[in-house]
Amino acid sequence: MSKKVYIETYGCQMNVADSEVVVSILSEAGYEPTDNIKEAGLILINTCSIRDNAEQRIWGRLTAISYLKKQNKDLKIGIIGCMAERLKEKLIETDQLVDIVVGPDAYRELPLLVAEAESGHKAVNVLLSREETYSDISPVRMDKNGVSSFVSIMRGCNNMCAYCVVPYVRGAERSRNPESILKEVKELFAHGYREVTLLGQNVDSYKWEGNKVNMGFHDLLEKVALVNPLLRVRFSTSHPKDISDELLHTIARHENICKHIHLPAQSGSNPILKLMNREYSREGYMERVSAIRTIIPECSLSTDMITGFCTETDEDHKESLSLMEWGGFDFAYMFKYSERPGTKAARKYKDDVPENIKSARLSEMISLQNKISAKSKKKDIGMVFVVLVEGFSKRSGEFLSGRTSQNKVVVFPSGNYQRGEYVKVLIEKCTSATLIGKSI
Ligand code: SAH
Ligand code: SF4
Ligand code: F3S
């Protein structure tokens with residue numbers, strides 16, 4: 001069997017970007033990527049540890065693919081990414097199917113580790129690094145549309161949100177050399193890509209101090225926007241304590257910087273925000289949202305919320321709901337608090353909100369957000385948006401699908417338009433997830 005690698009990716013956009021780096025490193029070592037798990041000689045699972053259910057899914061997946069090892073005794077299975085970093089050797093002790101365990105900063109070692117596994121030994125490298133950004137590696141693009149791509153601009157996180165496992169599994173924050181970022185973006189554009197999303201856990205703290213340039217995130221964003229006016233630029237994630245007016249003005253100044261900000265609030269209650277160590281208050285968060293609304297009036301906003309964090313009362317929960325109502329978010333990701341071993345919350349606070357209350361609060365929050373999202377979509381009916389076409393709609397080949405600058409999905413009759421084109425669309429109606437219109 002030729003050397004074929006199948007990679008499966010879980011978790012956030014950062015993992016999607018990392019998988020492309022991993023495939024690039026393995027391609028150099030003679031591995032060819034495949035979409036067919038059955039013909040692979042090496043299966044890699046790029047994992048997430050953010051909540052317990054994310055890890056449970058991976059364990060379930062390992063069980064589901066165990067039959068492949070019975071069919072092919074030379075098959076090697078590797079666990080990479082955040083869960084590899086969190087559990088280390090324990091992964092191999094728990095599941096004998098696992099041959100290779102590699103953390104997010106050790107991907108350059110993969111060819112060596114795979115060779116070690118092929119010679120019959122279990123291979124582990126979970127060293128975190130203060131410098132690694134994989135800046136010189138050209139990711140092998142695995143997206144299906146050839147229109148939009150992720151570009152990692154930094155790694156790790158220096159914030160210590162009490163609930164969060166990311167700093168432990170991704171290490172200290174470091175920024176990537178801006179020259180290598182710009183080079184990657186220019187190459188993407190030359191290959192027909194029309195949208196990049198710059199990725200970091202807290203992009204507002206991007207910082208590069210070189211001998212020629214000193215750069216903050218707003219400088220970098222501007223430089224990326226100037227690569228070509230036909231290239232849309234997005235970014236994620238912003239942190240309410242760090243998002244600056246300078247950045248907001250940069251977004252407002254450039255047509256091609258998308259008018260959408262993902263600004264996780266996590267909670268609307270001051271005592272909870274303090275316990276979470278988010279370093280902003282409800283009022284501070286509202287002030288930043290007001291600044292966004294003033295400086296970029298057409299900007300859409302999305303957020304992340306956690307329900308049932310330690311000590312959360314009904315009153316705290318109501319504060320979260322009222323913040324959501326006030327913010328009028330176009331979209332929100334909502335989660336039940338899941339205690340992660342080793343975090344500050346796990347060490348110092350009791351996970352004291354009963355599961356049934358967490359669930360009830362989450363359902364209440366989701367139904368509120370559904371109403372808010374519906375309102376935000378209804379407001380768009382009758383308006384004209386420039387849509388970047390990503391491909392055919394999932395439902396029908398007679399419709400194209402793309403997104404507005406505000407990151408809302410739009411579906412419209414295909415006509416003669418192609419993916420990668422910008423089309424002006426008049427919105428006529430909407431469903432719960434999509435705007436529907438016609439090109440004008
Ligand atoms: N760096 C980003 C997001 C990282 S994780 C930020 O700072 O916002 C994505 C989301 O997962 C977080 O915004 C948070 O809402 C959620 N999350 C993180 N840890 C969690 C936990 N232990 N339980 C439940 N949700 C969690
Ligand atoms: Fe986690 Fe907070 Fe860092 Fe986001 S900013 S990754 S929530 S520690
Ligand atoms: Fe998960 Fe790691 Fe991302 S824990 S959310 S894959 S940084």
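This is a predicted model: local features need pLDDT of at least 70, side-chain atom pairs count only at pLDDT 80 or more; totals for chains, interfaces and linings use all residues.
I began with ligand 1, where a polar side-chain atom of aspartate 304 lies 2.6 Å from an oxygen atom of the ligand.

**Ligand 1**

Next I looked up the backbone partners. A polar backbone atom of serine 338 sits 2.8 Å from a nitrogen atom of ligand 1. For tyrosine 163, a polar backbone atom is 3.1 Å from a nitrogen atom of the ligand. I then checked how covered the ligand is. On its own, ligand 1 exposes 540 Å², and the protein buries 89% of that.

I listed the shell. It holds 15 residues, and the closest are Tyr163, Gln201, Gln266, Asp304 and Ser338. I sorted the shell by class: six residues are nonpolar, four polar and five charged. Strand S15 (300–307) and strand S16 (331–336) each give at least two residues to this shell.

**Glutamine 266**

I went back to one of the closest residues of ligand 1, Gln266. I found glutamine 266 in the loop between strand S14 (260–262) and helix H11 (270–276). Its phi is positive, about 70°, although the residue is not a glycine. Is glutamine 266 buried or exposed? The relative accessibility of glutamine 266 is 7%, and the cut-off for buried is under 20%, so glutamine 266 counts as buried.

**Ligand 2**

I wrote down the residues around ligand 2: Cys157, Asn159, Cys161, Tyr163, Cys164, Val166, Pro167, Gln201, His239 and Arg278. By class, I get six nonpolar, three polar and one charged.

**Ligand 3**

Around ligand 3 I found Gly11, Cys12, Asn15, Cys48, Ser49, Ile50, Cys82, Arg170 and Gln201. This shell splits into four nonpolar, four polar and one charged.

**The nonpolar core**

I turned to the largest nonpolar core. It has 52 residues. Leu198, Phe217 and Ile261 have the most contacts inside it. Helix H12 (residues 282–295) gives this core its largest share, six residues. I also checked the domains: domain 2 (143–258) and domain 3 (295–379) each contribute at least three residues to this core. For context, I recalled that nonpolar side chains tend to be buried together in soluble globular proteins.

**Serine 19**

I looked at a buried polar residue. Serine 19 is in helix H1 (residues 13–28). Its relative accessible area is 1%, so serine 19 is buried. What does the side chain of serine 19 contact? I found a polar contact with the side chain of threonine 9, at 2.7 Å.

A cis peptide bond joins serine 236 and threonine 237, with omega about 10°. Threonine 237 lies in the loop between strand S13 (232–236) and helix H10 (245–253).

Tyrosine 134 has a positive phi, near 55°, and is not a glycine. I placed tyrosine 134 in the loop between strand S6 (123–125) and strand S7 (148–152). With a relative accessible area of 2%, tyrosine 134 is buried.

**Exposed loop residues**

Lysine 144 is in the loop between S6 and S7, the loop that also holds tyrosine 134. Is lysine 144 buried or exposed? Its relative accessibility is 70%, and exposed means over 50%, so lysine 144 counts as exposed. I took one distance from there. Lysine 144 and isoleucine 100 are 44 residues apart in sequence, and their C-alpha atoms are 28 Å apart in space.

Last, I checked proline 297. I found it in the loop between H12 and S15. Its relative accessible area is 60%, so proline 297 is exposed. From proline 297 to asparagine 202 I noted 95 residues in sequence and 23 Å in space, C-alpha to C-alpha.

Technical notes. Residues are numbered from 1 along each chain as its sequence is written. Chains are lettered from A and ligands numbered from 1 in the order in which they are written. Side-chain values use heavy atoms; hydrogens and water are left out. A residue is near a molecule or strand if one of its heavy atoms lies within 4 Å of it. A polar contact is a pair of N or O atoms within 3.5 Å; within protein, one must be able to donate a hydrogen and the other to accept it, and residues adjacent in sequence count only if both atoms are side-chain atoms. Accessible areas come from the Shrake-Rupley method with a 1.4 Å probe; for residues, only the protein chains shown count as cover. Helices (H or I, at least four residues) and strands (E, at least two) are DSSP runs, numbered from the N terminus. Ala, Val, Leu, Ile, Met, Phe, Trp, Tyr, Cys and Pro count as nonpolar, Asp, Glu, Lys and Arg as charged, and the others, Gly among them, as polar. A nonpolar core is a set of buried Ala, Val, Leu, Ile, Met, Phe, Trp, Tyr and Cys residues joined through side-chain atoms within 4.5 Å. Buried means under 20% relative accessible area, exposed over 50%, partly exposed in between (1.4 Å probe, protein chains only). Domain bounds come from an automatic or database domain assignment.
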